[in-house]
Amino acid sequence: MRRRHPTRRDFLRAMGVGAASLLLPGRLTAAPKTPATPGMSAAKPNIILIMSDDMGFSDIGCYGGEIATPNLDSLAAGGVRFTQFYNTARCCPTRASLLTGLYPHQAGIGHMMGDSGLVGYRGDLGKDCVTIAEALKPAGYSAYMTGKWHVTPHIKPDGPKHNWPLQRGFDRFYGTIHGAGSFFDPNSLTRDNTQIVPDTEDYYYTDAISDNAARYVVDHKREKGEKPFFIYVAYTAAHWPMHARERDIAKYKGRYDKGWHALRQQRYDRMQKMGLLKKQWDMSPHDSGPWDQVSDEDKAWHARRMEVYAAMVDSMDAGIGRIIDALKKTGAFENTLVLFLQDNGGCAEEYGSRGPVRPDPSKPVELKPMAPDELQTRMQPTHTRDGRPVRTGHGVMPGPADTYIGYGKEWANASNTPFRMYKHWVHEGGIATPLIAHWPAAIRRKGDLERQPGHLIDLMATCLDVAGAEYPTEAGGIKITPLEGKSLVPAFAGKPIQREAIYWEHEGNRAVRAGKWKLVAKGAAGPWELYDMDADRSELHDLASEQPERAREMAALWQTFAEKAHFVPWPWDRKRRK
Ligand SMILES: [Ca+2]
């Protein structure tokens with residue numbers, strides 16, 4: 001057949017994209033008004049959306065990790081695990097996309113909280129989008145949130161609050177407006193609209209996020225009875241700093257003494273055994289040096305960094321267990337859809353972990369304890385509330401409140417087993433996340449793996465679908481950008497979701513996935529790489545030079561969408577923009 005100028009339809013068909021998607025508009029403007037799941041209870045389900053921070057694809061137990069996550073594993077055993085779910089590679093854009101069902105740039109947050117003046121990069125949640133909480137309200141839902149917000153630059157206690165959770169559809173909020181901070185004294189800690197200080201002597205943020213979410217479940221039952229609720233639980237575990245309770249760290253003492261290569265191999269083997277990886281998907285090359293060439297002193301330091309990381313995940317899982325207990329205690333467990341995912345891949349940023357120990361231990365400084373009601377305003381505190389200096393630098397043993405460092409590239413490489421790259425990049429190591437879906441009243445599959453690709457944009461569509469809610473076309477007189485995502489409800493039952501493609505842009509890193517093909521590039525000027533994800537999900541065999549026509553067509557597909565969805569113009573190439 002002569003195909004000198006293939007049409008978009010020809011192209012998508014060649015990509016293996018289903019015919020049904022070609023007949024449907026690419027964007028959903030209204031969800032069905034009645035729940036779409038056969039056999040679903042007449043009562044509207046509750047929804048709990050749980051997300052963790054800066055964790056790799058293989059960290060939790062039911063995705064191959066050695067970290068003890070019995071509660072997540074139990075949700076996985078009673079529900080469905082997606083093997084190809086995707087985030088946007090970074091904290092802010094992921095949260096903007098999750099909350100709105102749009103690509104992050106369409107919600108105004110293509111990058112972080114800075115305003116570049118470009119429409120996709122304003123750094124503050126737009127008025128032409130709605131949050132899941134806002135969209136569910138007309139369907140009778142109460143909405144609560146605990147944890148990390150991070151979709152506005154206005155983090156000061158007395159600054160503008162128009163984009164704080166209570167002004168974006170949530171009835172109650174406990175958490176942080178900013179995106180990172182001490183786990184023992186978080187900056188921008190807020191209850192509803194008021195910034196506060198930690199309320200207990202042995203405060204630990206992960207526990208507070210869990211316990212406030214559990215409290216919302218119990219309070220809701222008492223105050224609202226059988227009416228449905230939506231809770232968004234956004235943990236900061238296991239983002240830097242590596243902060244954990246000593247008793248949790250102790251559980252992992254010695255667990256990482258064989259080093260990062262051994263850990264990657266152990267996880268790879270387990271993932272193969274669990275069926276999460278295809279046999280032909282090789283392990284990506286190590287991004288870390290041989291463990292046996294690390295000095296004994298550094299081995300102890302590195303091992304401790306990973307022990308604390310594991311402890312952070314461990315305590316998050318224990319907290320998820322307490323939220324599940326609250327659901328069971330209030331009789332809500334059966335008809336609650338619980339979703340768990342991660343906001344980006346393992347993080348290779350060496351935050352605070354390079355260079356000499358600071359402040360210089362040989363020059364003691366006098367620091368005053370903080371007043372009991374003094375708000376913490378620093379992401380990285382200079383000192384603990386009781387007046388001890390907060391230390392960074394190579395060799396600082398993390399865990400306690402007076403330390404502030406990351407876990408490092410080598411362990412991030414292990415977190416992302418078997419994939420390449422990290423948080424920031426849109427190769428699989430940056431964007432692949434677990435997605436666990438658990439809902440006893442409606443999901444009949446127990447412990448199954450679901451291999452269809454999905455993306456954060458689908459979470460809004462899924463919530464609307466199960467709630468029988470409609471996506472608005474306008475709000476407050478402003479036209480709302482049409483929804484991008486697809487409901488995952490069919491996929492819960494193993495049925496196909498029709499979609500054309502999934503797109504990424506972050507810091508000039510770009511990708512498009514259509515069917516089994518993925519085109520991906522590093523940086524604004526990096527060349528396109530082409531991968532067959534069925535054969536090579538670790539992205540080790542670039543087919544761009546073997547299949548130049550496919551690469552060109554996919555690049556054109558990306559460009560067309562990038563222009564529509566405000567990925568471009570972008571701030572990464574200022575010369576061209578001028
Ligand atoms: Ca993150």
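The entries below go through the places I looked up, and I note at the start that the model is a predicted one.

Are D53 and D54 buried or exposed? I noted that D53 has 0% relative accessibility and therefore counts as buried, and that D54, at 1%, counts as buried too, the cut-off for buried being under 20%.

**Entry: the largest pocket**

Next I looked up the largest pocket, for which I wrote down a volume of about 460 Å³. Its lining is made up of 20 residues, and those that lie nearest its centre are F184, T200, E201, Y203 and R385. I also asked how the residues of the lining divide, and I recorded 8 nonpolar, 5 polar and 7 charged.

I turned to S210, which I located in helix α6, residues 205–224. With a relative accessible area of 0%, S210 is buried. Leaving out residues up to four places away in sequence, I found that S210 touches Y235, G319, I320, R322 and I323. I also looked up S210 together with G406, which is 196 residues apart from it along the chain, and the C-alpha atoms of the two are separated by 23 Å.

Where is D248 placed? I found D248 in helix α7, which covers residues 246–250, and at 8% relative accessibility D248 counts as buried. Again not counting residues up to four places away in sequence, I noted that D248 touches A311, D314 and S315.

**Entry: cis peptide bonds**

I then looked up peptide bonds that are cis, and I wrote down the one from A237 to A238, with omega near 5°. A238 is found in the loop between β7 (229–234) and α7. I also recorded a cis bond from R358 to P359, with omega near -10°, where P359 is found in the loop between β8 (336–342) and α10 (409–415).

**Entry: positive phi**

My last topic was positive phi in residues that are not glycine, and I looked up E507 and E539. E507 has a positive phi of about 55° although it is not a glycine, and I placed E507 in the loop between β13 (502–506) and β14 (509–514). For E539 I likewise wrote down a positive phi of about 55°, again in a residue that is not a glycine, and E539 is found in the loop between β16 (529–532) and α14 (548–564).

I finished by asking which accessibility class each belongs to, and I noted that E507, with a relative accessible area of 25%, is partly exposed, whereas E539, at 1% relative accessibility, counts as buried.

Key. Residues are numbered from 1 along each chain as its sequence is written. This is a predicted model: local features need pLDDT of at least 70, side-chain atom pairs count only at pLDDT 80 or more; totals for chains, interfaces and linings use all residues. Side-chain values use heavy atoms; hydrogens and water are left out. On a 1 Å grid over the protein atoms alone, a cavity is a set of points where a 1.4 Å probe fits but cannot get out, and a pocket is an open set with protein on both sides within 12 Å along at least five of seven lines; lining residues have an atom within 4 Å of a point. Grid points are joined across faces, edges and corners, and a volume is the space filled by probe spheres set on the points. Ala, Val, Leu, Ile, Met, Phe, Trp, Tyr, Cys and Pro count as nonpolar, Asp, Glu, Lys and Arg as charged, and the others, Gly among them, as polar. Buried means under 20% relative accessible area, exposed over 50%, partly exposed in between (1.4 Å probe, protein chains only). Helices (H or I, at least four residues) and strands (E, at least two) are DSSP runs, numbered from the N terminus. Contact means heavy atoms within 4.5 Å.
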